[in-house]
Amino acid sequence: MKIDSTPYKLLNIATGRVFEDSGWMMADPQSPTPSLIRAEYGKKEIQIKEDSYGIYKFADWLPIHKMLKGSYAPATYKSQALAAHLGLENLFITFNGWWPERGIEMQTCSFKETEAFSVCARLNFKDKILVVSSAGNTARAFARVCSENNIPIVITIPEENIFAMWFAEELNPCVKVICTPKGTDYFDAIQLGDKLCQDSSFIAEGGAKNVARRDGMGTTVLSAAAFIGKIPDAYFQAVGSGTGTIAAYEANLRLLADGRFGKTTMRLIPSQNEPFTPMYDAYMADSRALLPMDEDLARTRALQIGAPVLSNRKPPYSVTGGLYDALKASGGTMKKVTNTELREACQLFEKLEGIDIYSAAGVAVKSLEKAVAKGTVKPQETIMLNITGGGEKRFKSTHKIYQKQPDLIFPIDATPEEIASKVKALF
């Protein structure tokens with residue numbers, strides 16, 4: 001199957017300026033202040049394709065130039081057991097991962113595949129090597145998509161998290177993995193990627209600034225709205241950067257403009273994992289700026305959480321169009337969950353719904369339970385629970401697994417020139 005390029009323009013959220021995407025644009029070059037940009041699609045009414053298109057069934061609202069093989073769209077269903085346990089009448093679970101009985105087979109078991117298949121389908125250059133920084137699941141997703149589609153890429157990840165680099169097949173040599181040493185965290189890996197991209201041979205994927213990443217993640221909300229027939233009243237997800245929740249809000253805006261899914265603006269209720277809760281702390285203090293924290297203390301707390309993928313020390317929270325703005329516009333709030341609570345929630349979900357889930361998804365489940373107990377959501381409301389990863393235990397029970405080891409490990413004081421020289425030698 002082939003798919004035509006999706007017509008779209010870019011919008012500066014701060015100024016409202018609309019402009020053409022002249023390439024791999026991550027910001028408005030004319031913007032007087034920092035701001036996220038948003039894709040504005042030519043088609044206001046989405047025409048959802050059949051399931052055989054995978055994530056590209058939502059191609060009308062993805063900023064892509066092609067379709068890659070191997071994708072699956074998020075799967076939404078109405079919960080019975082967990083809903084009854086929580087006393088909710090209309091709980092809808094959007095599942096991302098490996099659950100063949102639900103018609104979804106994301107081989108990396110994470111909704112980060114929605115990002116990777118969208119971002120890599122936006123790529124329109126062949127003379128640069130893509131660089132992606134990750135705490136784990138994003139790394140695995142991009143590695144798998146690029147390996148299967150022969151796209152050169154460098155993944156930067158903390159060595160602490162190299163356990164996340166497991167695959168059902170050995171990786172194509174076009175995928176290279178470089179690490180910061182043990183005792184470092186996700187932000188250190190981001191800085192390693194930034195240093196590498198100072199060399200013109202490499203180009204940063206862009207993280208939250210990349211409209212393709214956000215709109216790929218936004219397919220979770222499109223899946224839910226299409227299945228339910230309307231926009232949910234409230235949205236739950238665990239967050240490290242908050243990008244997925246920003247994406248949910250933007251998908252909500254498009255559904256409102258479409259006009260066929262109701263007039264609801266979902267209350268966004270993202271959650272963080274204690275003791276690393278910088279966005280929760282800031283939002284509860286009604287602060288657009290993240291609260292000051294000693295760098296060593298932040299790194300220590302980031303390494304203590306049970307859901308290590310939720311450990312971004314520099315999230316897109318404060319920037320115009322970021323998580324703070326999305327929460328304010330939606331009338332949302334934030335929750336926090338301990339390591340013990342997330343483990344209990346994972347066990348509960350597997351017992352009731354019949355599939356194992358990731359620690360980050362456990363944070364979201366527990367935050368929903370807390371919201372119900374507090375009355376933040378009502379029993380009759382339509383609730384969307386974004387299970388961002390699951391099925392790994394089931395997947396690994398039926399597949400041989402290959403563990404990717406680092407191609408290089410760099411000290412955090414390595415120079416950009418040293419990093420680029422050694423990485424180029426890998427290709």
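Let me start with helix H6, residues 219-228, and helix H7, residues 243-258, which in this predicted model pack with their axes 8 Å apart and at an angle of about 45 degrees. That angle makes H6 oblique to H7. On handedness, the crossing of H6 over H7 is right-handed.

Which residues meet here? From H6 they are Val221, Leu222 and Ala225, and from H7 they are Ala248, Ala251 and Leu255. By class, this contact of H6 with H7 has six nonpolar residues, no polar ones and no charged ones.

Next, a second pair. Helix H2 covers residues 112-122 and helix H3 covers residues 137-149; their axes come within 8 Å and cross at roughly 45 degrees. H2 and H3 are therefore oblique to each other. The crossing in which H2 passes H3 is right-handed.

The contact list for this pair is as follows. H2 contributes Lys112, Glu113, Glu115, Ala116, Phe117, Val119 and Cys120. H3 contributes Asn137, Thr138, Ala141, Phe142, Arg144, Val145, Cys146 and Asn149. How do these residues divide by class? The contact of H2 with H3 has eight nonpolar, three polar and four charged residues. For H6 with H7, to repeat, the count was six nonpolar, no polar and no charged.

H12 has 16 residues, and from its first C-alpha to its last it reaches 23 Å.

Where is Ser31 placed? It sits in the loop between strand S2, residues 18-19, and strand S3, residues 37-41. Is Ser31 buried or partly exposed? Its relative accessibility is 21%, so Ser31 counts as partly exposed; the cut-off for buried is under 20%.

There is also a distance to report for this residue. Ser31 and Leu290 are 259 residues apart in sequence, and their C-alpha atoms are 23 Å apart in space.

Note on methods:
Residues numbered from 1 in each chain as written. Predicted model: local features only at pLDDT ≥ 70, side-chain atom pairs only at ≥ 80, totals over all residues. Heavy atoms only, no water. Axes fitted to C-alpha atoms, helices over the stretch in contact; angles between N-to-C directions. Helix = DSSP H or I, 4+ residues; strand = E, 2+ residues; numbered from the N terminus. Parallel < 35°, antiparallel > 145°, perpendicular 65-115°, else oblique. Left-handed = near helix turned anticlockwise from the far one by under 90°. Contact = heavy atoms within 4.5 Å. Nonpolar A, V, L, I, M, F, W, Y, C, P; charged D, E, K, R; others polar. Expected span 1.5 Å × (residues − 1). Buried < 20%, exposed > 50% of the residue type's maximum accessible area, 1.4 Å probe, protein only.
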